[in-house]
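Visitor: Hi, I have just opened this one for the first time. Could you walk me through it?
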Amino acid sequence: FTSCQISFSPQTCVIVDNKPVFMTASEILRHSTFRTKDLLRQELEIQLAELEDKWHWISLEKLFFEKRIYKQLEKDQDTWEDQVSAIERAFDPYRKLFKKEITRDDVLKLCEKPVRKISKFDIKKADEDIANIEMNIDETKNHLEHLTEYAIAYFRHILEKYGKGRERKTEIRNFEDIQAVTVAVANEKLY
């Protein structure tokens with residue numbers, strides 16, 4: 001039997017920007033931390049964009065029903081295009097209230113709402129949803145402004161979630177403790 005334990009000094013090779021790079025453990029940790037921080041920033045930016053789109057749509061829908069802009073559909077217009085244009089013009093006094101531009105697609109999507117949706121629309125619930133979304137937008141912007149603190153909290157959350165009770169199961173010991181006979185018995189083939 002040969003010696004199973006050989007000490008050597010490894011050089012850690014990792015792929016960075018599709019190229020192999022030799023790094024120390026602390027450099028790998030630093031690189032991984034900055035990469036995680038960048039991914040968290042991207043995730044927060046996506047979340048912020050989704051929240052702003054949701055805020056825009058709920059606000060648009062609320063205004064459409066609250067100010068009875070949908071009544072433009074009942075007016076005698078020559079064509080569908082005239083009706084849609086009339087609705088777009090009805091939004092003109094309220095455009096400054098929105099963070100994004102009101103597009104023709106938004107208006108067309110509002111026109112597809114069935115009549116039962118109009119009768120069941122709850123303005124108080126829409127106000128609550130808008131307030132909730134605004135709170136989430138503020139929180140997300142705060143996380144973006146304080147990205148380092150957010151990343152630290154993220155790593156702490158991972159530690160709490162996966163750290164306690166998930167300790168290492170393997171046992172670290174020297175190879176000299178292993179008996180050669182038990183290794184030989186484990187390798188023995190039975191026919």
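Guide: We can begin with Thr-24, which is partly exposed at a relative accessible area of 41%, where buried means under 20% relative accessible area, exposed over 50% and partly exposed in between, using a 1.4 Å probe and protein chains only. This is a predicted model, in which local features need pLDDT of at least 70 and side-chain atom pairs count only at pLDDT 80 or more, while totals for chains, interfaces and linings use all residues. Residues are numbered from 1 along each chain as its sequence is written, and side-chain values use heavy atoms, with hydrogens and water left out.

Visitor: OK, and where is the place of Thr-24?
Guide: Thr-24 lies in the loop between strand 2 (19–23) and helix 1; helices (H or I, at least four residues) and strands (E, at least two) are DSSP runs, numbered from the N terminus.

Visitor: What separates the C-alpha atoms of Thr-24 and Thr-12?
Guide: Their C-alpha atoms are 6.5 Å apart, and along the chain Thr-24 and Thr-12 are 12 residues apart.

Visitor: Changing topic, how many salt bridges does a search of the whole structure find?
Guide: The search finds 11 salt bridges, each being a side-chain nitrogen of Lys or Arg within 4 Å of a carboxyl oxygen of Asp or Glu.

Visitor: Which side chain meets Arg-35 in a salt bridge?
Guide: That is Asp-38, with 3.5 Å from N to O. Because Arg-35 and Asp-38 are three residues apart in helix 1 (residues 25–66), about one helical turn separates them. Arg-35 is partly exposed at 43% relative accessibility, and Asp-38 is also partly exposed, with a relative accessible area of 25%.

Visitor: And what about Glu-81, what does it form a salt bridge with?
Guide: Glu-81 pairs with Arg-104, and their closest N and O atoms are 2.4 Å apart. This pair links distant parts of the chain, since Glu-81 is in helix 2 (residues 80–90) and Arg-104 is in helix 3 (residues 104–111), 23 residues apart. Glu-81 is partly exposed at 45%, and Arg-104 is partly exposed at 30%.

Visitor: How far apart are the closest N and O atoms of Glu-88 and Arg-104?
Guide: They are 2.7 Å apart, in a salt bridge between Glu-88 and Arg-104. Here too distant parts of the chain are linked, with Glu-88 in helix 2 and Arg-104 in helix 3, 16 residues apart.

Visitor: Is Glu-88 buried or exposed?
Guide: Glu-88 counts as buried, at 18% relative accessibility.

Visitor: Which residues do salt bridges that share partners join into one network?
Guide: That network holds Arg-35, Asp-38, Arg-41 and Glu-45.
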